[in-house]
Amino acid sequence: MIILKNVILRRSAKVLLDGASVTLNPGEKVGLVGRNGAGKSTLFALINGTLSEDGGDFSLPRQWRLAQVAQHMPETDEPATEFVVAGDTRLMEVRQTLAAAEALHASNPDDAEAAMALAQAYTDLADAGEHDAVPRAQALILGLGFQVHELSQPVNSFSGGWRMRLQLARALMCPSDLLLLDEPTNHLDLDALVWLESWLQRYAGTMIVISHDREFLDAVTDVTLHIENARLTRYGGNYSKFEDMRALHLEQQQQAFAKQQEKIAHLQNFIDRFKAKASKAKQAQSRVKALERMEKVAPLLAEADFTFEFKEPANIPNPMLTVSDASFGYEQDDGPPKVILTHVNRSVLAGQRIGILGANGQGKSTFVKTIAREMGALAGTVTEGKGLNIGYFAQQELDVLHPGSNPLEHMVRLARELGPNAPGRSTEQDLRGFLGSFNFSGDMVKQPVGTMSGGEKARLVLAMMVWQRPNLLLLDEPTNHLDLATREALAVALNEFEGTLMLVSHDRALLRSVCDEFWLVGRGVVKDFDGDLDDYQRYLLDEAKRVREANAKRSASESIAAAAAPASAGASKDAPTAPPKAASAPPAAPAAPALSAAEQRRADAQRRQQLAEQTRPLRRELAQAEERMDAIGTERGALEAQLSQPLPSDEIAQAGRRLKALGDELDQLEARWLELSDQLQTLEQTPAA
């Protein structure tokens with residue numbers, strides 16, 4: 001288990017943890033929450049060994065293997081699959097051992113010890129999962145949103161966000177007892193997020209995750225650690241339960257503080273009144289000592305929450321815009337345009353609040369960029385309403401801020417670009433005041449953007465967008481770098497916004513909060529999605545299952561084709577082929593007599609009976625595996641519900657061990673299920689002899 005006892009942690013002169021004590025048990029899934037700058041990443045640095053405690057005691061089991069996402073951007077020409085396979089540190093160590101054993105055996109072929117070392121290395125390699133390392137890595141890569149044709153592409157060919165996804169896949173590839181994840185959802189679309197949640201729910205080790213996505217935390221954690229005012233508090237339960245328990249705790253603290261203040265006032269009043277009277281001096285002195293011994297309850301210090309609002313739009317055209325028989329995509333330098341969406345016919349009306357859904361790579365960002373005038377339609381028309389004023393927040397918007405410029409210079413530049421179209425006054429004092437409402441006060445208005453955190457940059461982009469007073473908001477993943485408080489502020493501001501909203505986001509809490517309807521971008525079209533986010537999550541899982549089954553069928557077909565290929569197919573293409581001699585040619589088989597219709601029906605019936613006999617045991621085992629997987633899911637749900645309640649440490653450990661055993665059994669059953677499915681597919685597709 002992980003134990004912190006009276007731990008003190010400092011960064012420079014700032015004390016981030018002061019006397020923190022907590023115990024984390026094996027198998028627990030922990031959400032680490034707190035305001036930006038509270039010390040979450042510093043605590044991670046203590047756990048992974050980068051930092052040492054400044055006081056107190058910290059320990060975790062020496063034998064535990066640690067996995068975490070590297071925060072640096074990978075720079076390598078290594079293919080994506082090989083890059084992720086290299087995350088399996090155990091496999092890499094065994095490969096090195098094998099290479100050394102092979103070299104030793106090659107130089108000493110008659111040495112029995114060298115031969116034994118080589119045999120052991122091969123055994124260890126099999127135990128380390130060499131046989132399925134590539135499929136495991138590719139399953140992770142595809143699950144995180146990559147396409148099949150990208151599996152062999154070099155890492156450097158991907159953009160920054162996609163390379164960070166590869167870093168995440170590499171961390172998940174690593175066999176570990178402790179998994180540390182710092183904002184793992186920042187670069188994910190909703191489909192990849194749903195997949196990651198499913199993967200983490202099956203993870204058997206101990207996990208600590210920092211995230212500002214409340215629904216993600218609710219889905220994957222059963223314990224919450226809260227850092228506040230240099231204190232570390234453990235709550236049993238996910239983030240929603242933590243919020244409920246913390247609200248109750250704060251209410252109780254405020255009541256205890258008020259009650260103690262009344263008692264202190266009463267004691268002090270007695271002391272002040274009677275300390276000068278000889279007859280009461282002894283009692284007054286005892287009350288002074290009682291005051292000195294009293295352990296003071298701290299007052300409830302409310303944190304200053306960040307809030308902002310969108311100004312009322314100057315005008316709201318209706319419709320805002322109309323798309324007529326349009327094709328969306330992008331131009332290519334070395335070929336014809338790449339068409340992604342066709343026959344798009346949509347109208348955006350005043351006051352609509354639309355969530356844009358769709359699996360990764362289906363065209364969500366292309367659709368939004370075209371509406372935002374960043375790209376042109378390849379065909380058809382996009383007609384804008386008179387006075388349309390778009391506020392666009394793009395995923396890459398943070399990258400186009402000027403690193404050397406400060407927030408005030410960004411606002412001055414924006415006001416100059418808008419000129420007479422700028423909303424209201426734009427004197428330096430006005431712009432300073434406006435930036436102050438977004439927590440850019442004092443010296444921060446002069447701080448270079450390049451030195452700011454991702455959250456501060458995102459707030460600056462929001463400020464620039466709000467200042468322009470838009471009537472149509474196009475938001476493409478606006479919450480990637482926002483903490484929970486700022487996400488709440490954004491949700492409140494969007495709900496009060498009087499214009500029209502179109503939102504792409506993997507933050508389901510935000511989508512639920514601000515969107516009234518959903519459009520689905522997928523399979524080349526844009527259409528209404530008839531359902532809510534829970535329905536969409538089921539849709540994504542069904543789509544993923546469909547893709548897996550299609551891949552399994554394709555693999556089975558390829559295997560059958562390979563098995564049916566003539567033996568001579570492996571011969572060299574350059575080898576000359578001589579005509580066979582008549583004497584050595586095999587005698588031609590006599591032609592089979594044609595079957596009558598009745599005989600053909602009997603033969604077909606016989607083949608069907610044979611096929612049924614062959615497939616019956618496979619189908620029976622498949623049904624048993626599915627039944628057992630359902631039972632495991634039910635038992636795991638009960639265990640996870642049990643772990644969300646306060647329990648003795650021995651019961652928590654027992655439940656954690658049982659969860660791990662169930663996860664291992666589920667992995668084996670899923671592998672067997674796929675194997676049985678492939679066998680059935682092969683039998684059903686193999687033509688009769």
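This is a predicted model: local features need pLDDT of at least 70, side-chain atom pairs count only at pLDDT 80 or more; totals for chains, interfaces and linings use all residues.
Local features need pLDDT of at least 70, and side-chain atom pairs count only at pLDDT 80 or more, while totals for chains, interfaces and linings use all residues. Residues are numbered from 1 along each chain as its sequence is written, and side-chain values use heavy atoms, without hydrogens and water.

Start with the chain. It holds 19 helices and 18 strands; helices (H or I, at least four residues) and strands (E, at least two) are DSSP runs, numbered from the N terminus. Of its 689 residues, 41% are buried, meaning under 20% relative accessible area with a 1.4 Å probe, protein chains only. The accessible surface is about 36700 Å², computed by the Shrake-Rupley method with a 1.4 Å probe. Carbon and sulfur atoms own 51% of that surface.

Now take helix α1, residues 40–47. Here 7 of 8 residues are buried. They are Lys40, Thr42, Leu43, Phe44, Ala45, Leu46 and Ile47. Gly49 follows α1, with a positive phi near 90 degrees.

Next, the core. A nonpolar core is a set of buried Ala, Val, Leu, Ile, Met, Phe, Trp, Tyr and Cys residues joined through side-chain atoms within 4.5 Å. The largest has 101 residues, and Leu200 and Phe308 touch the most other members. Helix α14 (residues 454–467) gives this core its largest share, 9 residues. Beyond its neighbours within four places in sequence, Phe308 contacts Phe438, Leu462, Val466, Ala489, Leu490 and Ala493. In soluble globular proteins, nonpolar side chains tend to be buried together.

Definitions and conventions:
Buried means under 20% relative accessible area, exposed over 50%, partly exposed in between (1.4 Å probe, protein chains only). Contact means heavy atoms within 4.5 Å.
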